[in-house]
Amino acid sequence: QDEMDLGSDWELTAGVRYDKYSDVGSTTNPRLALVWDTSTHLTTKFLYGKAFRAPSFAELFAINNPVVLGNPDLEPEVIDTFEVSINYSPSLNERASISLYSYKIEDLVQFVTDGTGASTAQNTGKQNGTGIEFEWMTEVSKELSLFGNVTIARATDKNTDSDVPNFPQQQIFLGIDWTIFSNWNLITELHHVANRERAIGDPRSN
């Protein structure tokens, strides 16, 4: 990894990671972060990253399960992510950010039926996603802080051109941190998760 100053207001961080597994081979994953100090209180970030997930032991070598079988020829799942983030901090007691992101996943491990009733792990899955997130924190006083975030996202299974099942398209998180007495805090949180689609063929209602 290296950090480079490209000017008084620009900084680039670049890195690369190499992994080699005895059972699934090697994978190389770069990352880039370009940071622009837009103004005194505003920072803009342009981010790119590639990452991976190596197949699990069961996905590779399961042989005693009559329904789900492993596959020693599996390769790691890989994901490419892009993000633009704008961070605003008018004071030490307030900050907010908004982020737009997208990702693309290749070689997702999925269990594919072979016609005999059993399913074998294969690198057949593809998934694309986009989203926007807004986050904030405010210290109303020394004793009271408010914080939260809102996320709206969409993930698509590229093999079926349908929404990824069980993926929440909306999430809201709100929190209050209140210092009641010295060394005693009351923290209240609200989580709202919505718009999760059923899998294709699932007969249950939404």
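Guide: The radius of gyration is taken here over C-alpha atoms, and the globule rule is 2.2 Å times the number of residues to the power 0.38. By that rule a compact globule of 206 residues would come near 17 Å, but this chain has 22 Å. Its C-alpha trace spans about 65 × 45 × 35 Å along the principal axes. This is a predicted model, in which local features need pLDDT of at least 70 and side-chain atom pairs count only at pLDDT 80 or more, while totals for chains, interfaces and linings use all residues. Residues are numbered from 1 along each chain as its sequence is written, and side-chain values use heavy atoms, with hydrogens and water left out.

The chain comes to 1 helix and 12 strands; these are DSSP runs numbered from the N terminus, helices being H or I of at least four residues and strands E of at least two. In sequence order the pattern is β-β-β-β-α-β-β-β-β-β-β-β-β.

Now to the core. A nonpolar core is a set of buried Ala, Val, Leu, Ile, Met, Phe, Trp, Tyr and Cys residues joined through side-chain atoms within 4.5 Å. Buried means under 20% relative accessible area, exposed over 50%, and partly exposed in between, with a 1.4 Å probe and protein chains only. In soluble globular proteins, nonpolar side chains tend to be buried together. The largest core here has 8 residues: V24, F52, A54, L60, L74, V78, V109 and A121. Contact means heavy atoms within 4.5 Å. Beyond its neighbours within four places in sequence, V78 is in contact with K50, A51, F52, K104, I105 and E106. Across the chain, 25% of the 206 residues count as buried.

Two residues show both sides of that division. T120 lies in strand β8, residues 119–139, and counts as buried because its relative accessibility is 16%. Neighbours within four places aside, T120 is in contact with L69, G70, N71, Q110, F111, V112 and D114. Y18, in strand β2 (residues 10–21), is exposed, since its relative accessible area is 52%. The C-alpha atoms of Y18 and A62, which are 44 residues apart along the chain, are separated by 27 Å.
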